[in-house]
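Student: Please take a close look at a single strand of this model and describe its surroundings in one connected account.

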Amino acid sequence: YGRAAVLADDNNVYVYQCGSLVDPHERCTVARTPAQSVADTSTWRYWNGGDWTLPNSWTGDPAAAATMELPPGTEVPIAAFTVTYDETVGAYVFGHSPYPLYSDRIAVRIASTPVGPWTPAVEITFPNCIETVDGEPKACYAATIQPAFSRPGQLGLGYFDQYVADSAGGAEYYACSAQVAVDGPHAPNR
């Protein structure tokens with residue numbers, strides 16, 4: 001259903017999944033594999049909830065995967081999302097459009113490790129995302145983290161806008177940044 005991946009400093013690719021095509025409300029899990037083996041799912045090892053730095057905290061059995069700790073109140077399903085390491089923030093950043101997915105916001109969580117625990121979400125509102133065209137509501141969707149646009153004190157973001165009046169196709173992708181202060185152990189404030 002929703003899937004994202006990030007290449008970490010340890011040369012492993014961490015692959016995240018939230019929900020499935022069978023049950024979009026299913027839990028979020030994380031697997032890892034060496035970067036050179038990412039296409040071979042038999043090399044994936046699923047986090048079982050232990051100390052993520054220890055080899056015995058990773059299993060080849062996806063059924064034994066632990067639920068990744070997202071804060072209480074996280075709305076599901078989480079369909080399109082991104083996880084990245086943002087060097088400017090100095091932490092892993094998890095971002096997605098809040099349910100019901102067409103929205104004028106992005107929910108952002110931060111963690112110091114690729115498996116969490118993740119901070120409570122801070123929601124950032126995009127400008128001009130809710131419009132009515134010929135009586136039909138149009139909104140933004142597929143909000144993502146865009147670290148290439150991050151600067152000190154600014155978190156890089158991106159999103160699709162379903163309707164842009166002066167666009168030939170009607171929809172466009174935007175990249176922007178939002179002022180975000182990171183307090184304490186990587187807790188975002190906007």
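**A strand and its sheet**

Tutor: Strand 7 is largely enclosed by the rest of the structure, because 6 of its 6 residues are buried (under 20% relative accessible area, with exposed meaning over 50% and partly exposed in between; 1.4 Å probe, protein chains only). The model is predicted, so local features need pLDDT of at least 70 and side-chain atom pairs count only at pLDDT 80 or more, while totals for chains, interfaces and linings use all residues. Residues are numbered from 1 along each chain as its sequence is written, and side-chain values use heavy atoms, with hydrogens and water left out.

Strands here are DSSP runs of E with at least two residues, numbered from the N terminus; two of them pair if DSSP finds at least two bridges between them. An open, antiparallel sheet is formed by 4 strands in the order 6-7-8-9. Its edges are strand 6 (81-86) and strand 9 (122-125), each pairing on one side only.

On one side, strand 7 pairs with strand 6 in the antiparallel sense over 6 bridges. T82 stands opposite G95, and D86 has A91 as its bridge partner. These two strands form a hairpin with 4 residues between them, and G90 in the turn has a positive phi of about 75 degrees. Strand 7 is also joined to strand 8 (residues 105-111) by 5 bridges, again antiparallel; there, V93 has I110 as its bridge partner.

H96 belongs to strand 7 (residues 91-96) and counts as buried because its relative accessibility is 3%. Its side chain makes a polar contact with the side chain of R109 at 3.1 Å (a pair of N or O atoms within 3.5 Å; within protein, one must be able to donate a hydrogen and the other to accept it, and residues adjacent in sequence count only if both atoms are side-chain atoms).
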